[in-house]
Amino acid sequence: MDGPLTLAQTAALLDGHARAENELFRVLGFWSTNPPSDDPAAAVQAVLAAESAHHGWRAEQWEIRRVRSVDPDPEPDLVSDADRLAAAVAAAVGEEIDSASRLALWGHLWAPFLAARYARHRRSVSPAADEGVLRWLDMCISDLQRGATAAVVGLGDLRPGDRARVAESLAGAARLLVA
């Protein structure tokens, strides 16, 4: 995405943003209300619940900004990373993942991936024509970076065995994003 976007390209990006945010809302919400049976970690559940709410709110905001006058451009590089993120997030729900790994997946992988997607979109926005989208992208990037930083800091007290398990979860999820 270099240079100004067409309306159809913008529609594809906004639709992809909404899909990714909706999937994160769904999964983090599920995780926040369904802790692992052997690892309830109430603090992690609270963080996941708050971040789920943020994703839900951002999904609504992308829906409000959605371009309705044209069909989205199905250009693969505009939608594939959003689809990969949604698929990776959906795949994680079916696995029994401990609380620390859930938080690490979100803070180390999914939130930065989505923030990077927003940053790539931001570079193609025309400030004169898309000032509202530009401001919204800045807010989304800042919000995701703040949340991911807090999640990563919260993981700082892990025991060595927990670190290895979290690293394994992250490696598996990362493979889904680059596939």
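These exercises look at helix packing and a cavity in one predicted model.

The model is predicted, so local features need pLDDT of at least 70, side-chain atom pairs count only at pLDDT 80 or more, and totals for chains, interfaces and linings use all residues. Residues are numbered from 1 along each chain as its sequence is written, and side-chain values use heavy atoms, with hydrogens and water left out.

**Exercise 1.** Describe how α1 packs on α2.

Step 1. Find the helices, which are DSSP runs (H or I, at least four residues) numbered from the N terminus. Helix α1 covers residues 7-33 and helix α2 covers residues 42-65.

Step 2. Two packed helices are described by the angle between their axes and the distance between the axes. Axes are lines fitted to C-alpha atoms over the stretch in contact, and angles run from 0 to 180 degrees between N-to-C directions. For α1 and α2 the angle is about 155°, and the axes lie 7 Å apart.

Step 3. α1 is therefore roughly antiparallel to α2 (angles over 145 degrees count as roughly antiparallel).

Step 4. The crossing of α1 with α2 is left-handed (the near helix is turned anticlockwise from the far one by less than a right angle).

Step 5. Pick out residues in contact (heavy atoms within 4.5 Å). From α1 they include Leu 14, Phe 25 and Trp 31; from α2 they include Leu 48, His 55 and Trp 62.

Step 6. Sort this contact by class: 10 nonpolar, 8 polar and 4 charged residues. Ala, Val, Leu, Ile, Met, Phe, Trp, Tyr, Cys and Pro count as nonpolar, Asp, Glu, Lys and Arg as charged, and the others, Gly among them, as polar.

**Exercise 2.** Work out how α4 packs on α5.

Step 1. Helix α5 spans residues 131-154, and helix α4 spans residues 99-123.

Step 2. The axes of α4 and α5 come within 9 Å and cross at roughly 160°. The two helices are therefore roughly antiparallel to each other.

Step 3. α4 passes α5 in a left-handed crossing.

Step 4. Among the α4 residues in the contact are Trp 106, Ala 111 and Tyr 118, and the α5 side includes Leu 137, Ile 141 and Leu 144.

Step 5. The contact of α4 with α5 holds 17 nonpolar, 4 polar and 2 charged residues.

**Exercise 3.** Find the largest cavity and name its lining.

Step 1. A cavity is a set of points on a 1 Å grid over the protein atoms alone where a 1.4 Å probe fits but cannot get out; lining residues have an atom within 4 Å of a point.

Step 2. The largest cavity has a volume of about 30 Å³ (the space filled by probe spheres set on the points, which are joined across faces, edges and corners).

Step 3. Its lining is Leu 5, Thr 10, His 121, Ser 124, Val 125, Asp 130 and Val 133.

Step 4. By class, that lining has 3 nonpolar, 3 polar and 1 charged residues.

Terms used
Angles under 35 degrees count as roughly parallel, over 145 as roughly antiparallel, 65 to 115 as roughly perpendicular and the rest as oblique. On a 1 Å grid over the protein atoms alone, a cavity is a set of points where a 1.4 Å probe fits but cannot get out, and a pocket is an open set with protein on both sides within 12 Å along at least five of seven lines; lining residues have an atom within 4 Å of a point.
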